Amino acid sequence: MPSKIKISRRNKIVLFFVVIAIVGLFLPINITSRPRNYFWQTVKPVGWVFRSSVGRVFPFVKDIFNLRRIVKQNTNLINENLELQSKLAKTSEVEYENEILKKELGFAKTKDLTQTTPAAIIGQSSGYLKSLVIDKGENDGIVKGSAVISQGYLVGTISEVRKNNSDVTLITDVNSLIPVILQNSRGTGLMRGGISGLVVEDIPLNITIQKGENILTSGLGGQIPQGILIGTVNDLTSKEGEIFQKVNVTSPVDFSRLEVLFVVKTND
Amino acid sequence: MINTILKIFVIFLIVILQFTLMPLLAIKGVWPNLILTSLLILSLLEHSEDAFLFACVAGFLQDLAGPLKFGINILFYLSIIYSVQYLIKKYISEINLLVIVVIVIIFTLIYGFFISLIVHLPLNQSLIYESIYNAISAIGLFFIFRLVYQNKLLITVDKI
């Protein structure tokens with residue numbers, strides 16, 4: 001007579017979770033979107049408390065060990081600020097002149113087709129993928145692929161939208177791909193993230209790239225509007241014989257200290 | 001029953017801390033993995049019932065909230081417990097801090113390698129930083145867990 005197999009309570013629970021896990025592996029990834037939304041809604045207040053307490057104290061503690069660098073950086077920034085103020089004055093004059101000329105020629109006033117929505121960071125779900133969870137979602141008009149900026153610079157794009165929160169893939173992530181344009185040389189390319197930093201690839205060979213020129217979003221394809229600043233050209237990394245040029249990009253944004261983000265919504 | 005609910009609540013808290021607090025403690029872009037470290041310590045301290053509960057609940061919550069396919073973390077965490085149990089049975093005669101540090105480093109590297117493979121991420125030195133960060137946090141967690149189990153804080157709740 002066959003003996004009855006006894007399964008302990010622990011093994012039953014383990015078996016139950018193993019079955020759930022195996023079934024889950026074969027289901028589409030968006031099936032967990034609703035529970036994920038509720039999870040992050042629950043976590044939101046905790047995330048806010050930690051961001052406004054530990055998130056402010058810990059970077060300060062780290063800075064104490066880098067005082068010499070910070071003093072040097074401060075001196076450079078003061079000089080840069082003075083330089084930028086004089087440039088701003090000149091630009092304002094040019095802008096004013098431009099508007100007058102447009103009026104004379106009968107052009108309609110340029111409308112800003114973009115809107116920004118402020119969003120707070122709730123947390124980060126993975127240390128391997130450079131992504132964040134923000135507290136704005138479908139209910140706030142957020143669309144997949146929208147640009148996310150911080151301090152005026154592009155920091156990421158919306159990769160998943162849920163009802164009340166969304167995932168942001170940072171531009172430093174290996175899966176990030178942004179169409180860009182080099183401001184002075186007008187060369188276009190694709191910017192990728194990754195362990196070697198931000199890199200713009202596929203720039204045509206006939207373009208003369210200048211070190212330090214700005215990199216902006218080109219607005220080609222997707223939800224990202226053109227003209228959002230990303231960073232500056234650091235150096236040319238392509239080798240002889242390659243059919244495209246490649247440059248390293250430096251962003252002034254410290255991606256480990258992001259606080260308030262702005263999601264750019266296009267009104268087209 | 002109350003004991004199990006309390007344990008699930010503690011696991012839920014650890015998962016929330018992992019997603020909200022730990023990224024704020026990042027050094028060189030990496031932060032400690034509280035879930036993996038806690039699981040390894042529970043397995044090494046031979047609290048297998050709790051380790052299995054931790055693997056199932058924490059893995060489930062992490063799969064639910066994270067960007068990976070559902071089920072990956074549950075399966076990986078369960079296989080970690082079985083691997084640690086095998087190692088204890090075959091090779092480890094005494095559990096001390098050194099053993100914990102070494103095991104945490106090895107399993108962090110394996111976990112990192114496994115996840116990098118899934119998300120097509122090239123291997124880099126941040127994995128080494130993470131394993132060191134995990135090993136340091138494991139020392140603190142080891143004393144916390146030992147204190148909890150020695151004082152039987154969780155077990156006494158059942159008797160109330």
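Helix α5 of chain B is followed by B:H120, whose phi is positive, near 55°. This is a predicted model, in which local features need pLDDT of at least 70, side-chain atom pairs count only at pLDDT 80 or more, and totals for chains, interfaces and linings use all residues. Residues are numbered from 1 along each chain as its sequence is written, chains are lettered from A in the order in which they are written, and side-chain values use heavy atoms, without hydrogens and water.

Helices are DSSP runs (H or I, at least four residues), numbered from the N terminus. The table gives two of them, with the expected span taken as 1.5 Å times one less than the number of residues.

| Helix | Length | First to last C-alpha | Expected span |
|---|---|---|---|
| α5(B) | 22 residues | 31 Å | 32 Å |
| α1(A) | 18 residues | 27 Å | 26 Å |

Buried means under 20% relative accessible area and exposed over 50% (1.4 Å probe, protein chains only). In α1(A), the buried residues are A:V14, A:F17, A:A21 and A:G24. These lie on the same side of α1(A) because they cover an arc of only 85° around the axis, the arc being that of the directions from the helix axis to the C-beta atoms. On the face turned away from them are the exposed A:R9, A:K12, A:L15, A:F16 and A:F26. The buried residues of α1(A) pack against α3 and α4 of chain B.

Among the buried residues of α5(B) are B:V104, B:F107 and B:Y111. The buried residues of this helix pack against α2, α3, α4 and α6 of chain B. B:F107 is also in contact (heavy atoms within 4.5 Å) with B:I80.

Notes. Helices (H or I, at least four residues) and strands (E, at least two) are DSSP runs, numbered from the N terminus. Lists of a residue's contacts leave out its neighbours within four places in sequence.
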